[in-house]
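Student: Hi! I'm new to this one, could you walk me through it?

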Amino acid sequence: MRVTKGAKFIAGSALLMLAVAACGGGESPSTPGGGGTTTAQPVRVEIAEPQHELVPGNTAETSGAEVLNALFIGLVNYDADKKPVNQIAETITSDDQVNWTIKLKDGYKFHDGTPVDAQSFVDSWNYTANGANAYEGNYFMGSIVGYDEMNPVDPDGEGPQEAPAATATSLSGLKVVDNLTFTVALKNPFSGFPTMLGYTAFYPMPKAAFGPDGKVTEAYGKSPVGNGPFKMAKPWERGKDQSISVVRYDEFKEGQAKLDAVDFMIYTDLATAYRDLQAGNLDIMDQLPAEAIGSAKAEFGDRYIEQPSSGVGYIGFPIKTGADYAKSADIRKAISMAIDRKTITETVFSGTRVPADDFISPVVSGYRQGACGEACTYDPVKAKELFDSAGGAKMGAIELGYNADGGHKEWIEAVANNLRTNLGAEVTPKPVEKFATILDDLGAKKWKGAFRMAWIMDYPSPENYLKPIFAAKASSNYSGFDDKAFEEHIKAGDSAKTLEEGIAAYQAADDILLKELPYIPVYFYQTNGAFSQNVKNVKIDPFERIELFNVERA
Amino acid sequence: MGRYVVRRLLQAIPVLLGTTFLIFAIVYALPGDPLQALAGDRRVDPVFAQTMREMFHLNEPLLVRYWYYVRDIFSGDFGMTFRGLPVSTIFEGKFQVTLNLAMTALLIEAVVGIGLGLIAALRRGSWADTGVLAFTLLLVSIPTLVSGFVLQLVLGVQLKLSTGIDFFPVAGLRDGWRSYLVPGIVLAGTSIAYLTRLTRTSLMETLRADYVRTAIAKGMPRRRVLGRHALRNSLIPLVTYLGADLGTLMGGAVITETIFNMDGIGRQLFQSVYLRENSVVVGIVTVLVLVYILANLIVDLLYAVLDPRIRYE
């Protein structure tokens with residue numbers, strides 16, 4: 001091949017340029033007007049990529065929930081005190097806290113015009129509860145009668161035996177009484193049941209969601225028909241589309257939202273999104289990168305949001321099967337008192353956490369400031385006395401296990417240093433690859449030392465911070481805590497006549513934990529957000545969802 | 001020539017099988033449970049775990065799973081993610097973005113790198129030469145992560161806030177070709193430095209060659225001597241480097257795309273490793289290996305174009 005190669009080579013690079021130029025044409029020509037804010041621009045909200053199609057029952061992460069919160073409303077909403085207030089529900093009543101009757105308000109409609117009726121809730125919940133659908137929100141239905149029949153447990157875990165086939169495809173505990181009334185039978189009394197009902201998993205779904213085979217259709221997942229103040233502007237192709245567009249639903253029963261259109265922009269890196277926010281290419285972030293928090297307050301002023309979020313970080317102990325120091329309540333208290341929570345939250349976490357002083361998070365009613373008292377107050381002298389009198393020095397090195405993949409090294413090291421300095425104890429931080437390793441070892445009673453632990457609520461009830469973690473048979477009880485009086489108080493709280501009565505009982509249970517300290521509460525998570533000059537009246541609810549209905553253009 | 005290409009392509013098959021198996025084994029050998037990644041810090045629901053394990057053959061031995069994977073790949077099926085999305089859907093459009101980015105970077109790299117190298121070689125020992133060398137040293141010593149964030153902050157945020165010039169987008173792909181400019185520069189950074197130095201050395205060597213002296217001696221115009229004799233002969237190592245660099249750039253897009261929130265395979269790879277979406281990771285790397293093999297083949301073929309002495313039979 002002997003052509004004038006020079007020419008060929010140039011032809012080659014011209015091709016390169018074509019390829020580069022072609023890419024420019026493919027994108028939508030939505031060039032923002034130079035700096036000026038055009039009112040036609042939708043309000044832009046940062047999210048990460050939702051992990052599933054936008055179906056309420058299959059959404060258990062915050063990004064998908066953020067979008068669904070614009071498209072759907074639930075039976076209840078939450079007021080400033082984090083208490084449930086009826087939204088679609090007219091009344092939610094029960095005589096025995098087991099059998100609940102839910103009456104709906106008339107007049108709510110799905111975006112396709114069909115009414116929001118009792119059946120739409122029952123259909124949605126049944127579908128989510130069905131183990132065969134493998135929905136993320138499945139476990140939320142676990143307290144309803146009939147759940148076990150739909151989710152048979154494999155008798156030998158991962159062994160050769162197959163799980164028995166499900167014997168039901170709908171929850172026997174759900175019954176439609178009439179168009180606007182349905183009843184729910186729970187497995188156990190639970191006075192806090194109404195607090196659960198505002199969560200994403202409990203949204204209703206219209207008839208249109210289900211195909212002829214009874215499955216939620218693919219089209220519905222891409223373009224969910226909801227009952228909220230916004231509706232989908234166009235279908236969202238997960239994995240491909242980098243934004244989700246919603247527009248105002250004009251016939252919304254509670255009036256029109258103030259914004260006409262919202263775009264949820266997908267970012268993988270918070271720091272990048274934050275730059276876009278600074279440059280005015282993004283309007284609302286309900287989460288900020290840790291490194292920006294120091295300067296964000298000054299930069300955004302009253303457009304900066306800081307409020308507690310539902311997460312709690314602990315140091316936990318296998319109190320029945322662990323090492324000597326893990327078994328001793330006095331040592332655990334000494335360790336707790338030796339941790340300088342204030343410094344750790346301010347320096348290691350640069351203010352994205354606040355010191356914990358209760359097992360119950362400040363985002364739910366029932367939290368008592370300073371409930372932990374002396375045990376959570378930094379007092380190195382007393383801690384050392386207690387540690388020594390309980391014989392801590394002879395109990396060997398204290399192990400602090402954590403998963404290395406979650407950014408926990410720094411604060412665990414800080415705690416270790418606290419313990420070394422203040423207690424004179426030998427401390428070995430013990431990183432493991434994955435959190436599951438710790439959980440599995442704890443489950444097999446092989447883990448002897450202390451470990452990091454965290455909990456994020458499923459629904460805003462104090463019960464959610466107590467029973468699932470510390471009840472003797474609870475699924476997430478890793479400490480082995482088993483206390484009769486605690487169970488009694490929880491039971492009393494669950495079957496209390498009102499939410500308030502229930503709270504008092506839960507607090508009594510909380511007091512027992514604070515005395516025994518199977519876990520040491522170390523910090524509460526915080527929500528840090530900021531918004532641009534284009535919007536105002538931005539509020540974030542206890543589930544870390546932006547209350548988009550009330551957001552206005554500035 | 002045709003037979004050579006076919007032979008090379010056939011050779012690629014065992015290479016592809018070997019690499020994918022390695023990657024497959026590495027990804028699946030990572031400790032921890034991908035299903036746990038789905039659940040975060042929460043305990044995985046046993047019913048859910050059971051369903052997923054069966055669906056993804058997670059209980060089968062590695063070789064069996066690899067066999068399933070290869071079998072599906074040959075029928076054009078890259079598998080599903082744990083979050084229920086076909087991997088091919090994820091790929092749609094993403095390779096184009098990364099290819100665009102890599103090409104932009106390659107173009108910037110070629111123009112700036114060869115240009116600077118030329119200047120340095122022709123003015124050997126001058127202040128220009130020293131300046132170029134110092135500049136390349138600077139480029140090599142700044143990690144992509146740093147240059148990315150700094151350029152993003154300076155060009156994307158501060159330029160707009162202080163002067164109102166809204167030319168460089170901070171992130172995303174919403175501004176057409178302008179979206180690729182800054183990321184392209186960032187991605188090309190280190191390679192520019194290498195290419196400059198390579199051009200400089202290679203050209204200086206050729207300039208000392210007998211045939212260049214002959215060409216000058218017979219009174220050929222300097223421009224022609226440089227273009228036709230010197231530069232073209234020193235292009236061979238440069239083309240090798242550029243070709244191999246295409247693969248590197250596509251791989252390097254992991255950081256750049258993440259910083260600039262570009263919806264390409266680099267960012268997807270980062271995210272998928274983080275989320276333990278093994279099928280996506282293996283899929284992307286497989287395609288990257290393919291790109292690498294093809295790029296090298298093209299480079300080899302270009303040799304024949306540049307140097308008539310090289311022929312493929």
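Tutor: Happy to; we'll start with chain A and then move to chain B.

Tutor: This is a predicted model, where local features need pLDDT of at least 70 and side-chain atom pairs count only at pLDDT 80 or more, while totals for chains, interfaces and linings use all residues. Residues are numbered from 1 along each chain as its sequence is written, and chains are lettered from A and ligands numbered from 1 in the order in which they are written.

Student: Okay, how many helices and strands does chain A have?

Tutor: Chain A has 17 helices and 19 strands. Here helices (H or I, at least four residues) and strands (E, at least two) are DSSP runs, numbered from the N terminus. The radius of gyration of chain A is 26 Å, close to the 24 Å from the globule rule for 554 residues, so chain A is as compact as a globular protein of that length. That radius is taken over C-alpha atoms, and the rule is 2.2 Å times the number of residues to the power 0.38.

Student: What box do the C-alpha atoms of chain A fill?

Tutor: Taken along the principal axes, the box is roughly 85 × 70 × 55 Å.

Student: And how much of chain A is buried?

Tutor: Buried residues are 49% of its 554 residues. A residue is buried if 20 or more other C-beta atoms lie within 10 Å of its own, exposed if 12 or fewer, and partly exposed in between, with C-beta atoms placed from the backbone. As for contacts in chain A with a separation of 6 or more, 68% of them join residues 24 or more positions apart. Two residues are in contact if their C-beta atoms, placed from the backbone, lie within 7 Å.

Student: Which residues other than glycine have a positive phi?

Tutor: Among them are Q97(A), with phi near 65°, and K445(A), with phi of about 60°. Q97(A) sits in the loop between β4 (89-94) and β5 (99-104) of chain A, while K445(A) is in the loop between α14 (435-443) and β16 (450-455) of that chain.

Student: Are those two buried or exposed?

Tutor: Q97(A) counts as buried, with 20 C-beta neighbours inside 10 Å. K445(A) is exposed, having 12 other C-beta atoms within 10 Å.

Student: You mentioned β5. What does W100(A) touch?

Tutor: W100(A) belongs to strand β5 of chain A. Leaving aside neighbours within four places in sequence, W100(A) is in contact with I92(A), S94(A), T183(A), V184(A) and F193(A). W100(A) also counts as buried, with 21 C-beta neighbours inside 10 Å.

Student: Switching to chain B: at what angle do α6 and α11 pack?

Tutor: In chain B, helix α6 (residues 94-122) and helix α11 (residues 222-259) pack at about 130°, with their axes 9 Å apart. That angle makes α6(B) oblique to α11(B). Axes are lines fitted to C-alpha atoms, for helices over the stretch in contact, and angles run from 0 to 180 degrees between N-to-C directions. Angles under 35 degrees count as roughly parallel, over 145 as roughly antiparallel, 65 to 115 as roughly perpendicular and the rest as oblique.

Student: Which residues make that contact?

Tutor: Including L101(B), A105(B) and I114(B) of α6(B), and L242(B), L249(B) and M250(B) of α11(B).

Student: What about α10 and α11 of chain B?

Tutor: The axes of α10(B) (residues 210-217) and α11(B) come within 10 Å and cross at roughly 155°. That makes α10(B) roughly antiparallel to α11(B). Y211(B), V212(B), A215(B) and I216(B) in α10(B) meet V225(B), H229(B) and A230(B) in α11(B).

Student: Last one: where is S179(B)?

Tutor: S179(B) is in helix α9 (residues 178-207) of chain B. S179(B) is buried, with 26 other C-beta atoms within 10 Å.
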